[in-house]
Amino acid sequence: MPKISKISSCLRLVKLKKTIVDNKNDLEKLVNFVYSYFTKIEKKKISLERIKDGILKNLKNHRHVYFFILWDNYPIGMLHLFLGEKFTDLCLIYLEKEFRRKGLGSFVFNLLKNFLEENRLTKKPLCIEINKNNKASQRFFSKMGAKLESVIYFYQLSSKNNI
Ligand SMILES: CC(C)(COP(=O)(O)OP(=O)(O)OC[C@H]1O[C@@H](n2cnc3c(N)ncnc32)[C@H](O)[C@@H]1OP(=O)(O)O)[C@@H](O)C(=O)NCCC(=O)NCCS
């Protein structure tokens, strides 16, 4: 595990500007992080194109905020927030596998809290929706001090009733 002094000198959060769309490498990196999350962690089938379209659409809305998590200036993960009216949604925090479980996520969470404080967003709760199978993240957010507030059920309606 890297020492905390090493983490604080190497790890940074960089807010992405709309101009990321002009930088093919950065956009591709961001898309790949989200793709890895959905396919490897949520085990969902989704195309790179669909993720890219979603990110490009979100970037036009100032309420969506994306960050790269940089280690020695190299992107090792990302963070996506939605600044809602009643709460701030932590849509995704993602670290590449080899960087997990080394204390970096906790450090990023503190950087995120600093960002929310600096932007006067501390009155609204931070809301995090986690897949029921994602036990590692449930443990992570519990360790960060988040409290379980609700459970979401999905009921699949029969498709033949669809108009
Ligand atoms: C969630 C995530 C960002 C956490 O980052 P991390 O760097 O691995 O977390 P940390 O090393 O700071 O862990 C802090 C604490 O969280 C808990 N924790 C984290 N990962 C855990 C795991 N795999 N199993 C059990 N507990 C875990 C532990 O209590 C840990 O403290 P400890 O190491 O002293 O026991 C990272 O696991 C990740 O990117 N996961 C994939 C993406 C994802 O699922 N995101 C959440 C959906 S929004």
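**A close look**

Tutor: Start at Asn 73, which counts as exposed because 9 other C-beta atoms lie within 10 Å. The cut-offs are these: buried means 20 or more other C-beta atoms within 10 Å, exposed means 12 or fewer, and partly exposed is in between, with C-beta atoms placed from the backbone. This is a predicted model, where local features need pLDDT of at least 70, side-chain atom pairs count only at pLDDT 80 or more, and totals for chains, interfaces and linings use all residues. Residues are numbered from 1 along each chain as its sequence is written.

Asn 73 sits in the loop between E2 and E3. Helices (H or I, at least four residues) and strands (E, at least two) are DSSP runs, numbered from the N terminus. Asn 73 is not a glycine, yet its phi is positive, about 70°. Most residues other than glycine have a negative phi.

Now the core. A nonpolar core is a set of buried Ala, Val, Leu, Ile, Met, Phe, Trp, Tyr and Cys residues joined through C-beta atoms within 7 Å. The largest one has 20 residues, and Leu 30, Phe 33, Phe 67, Ile 69, Met 78 and Leu 79 touch the most other members. At least two residues each come from helix H2 (24-41), strands E2 (64-71), E3 (74-83) and E4 (88-95), and helix H4 (104-118). H2 gives the most, with five residues.

Take Met 78. Leaving aside neighbours within four places in sequence, its contacts (C-beta atoms, placed from the backbone, within 7 Å) include Leu 30, Phe 33, Phe 67, Ile 69 and Leu 92.

How values were computed
Contact = placed C-beta atoms within 7 Å.
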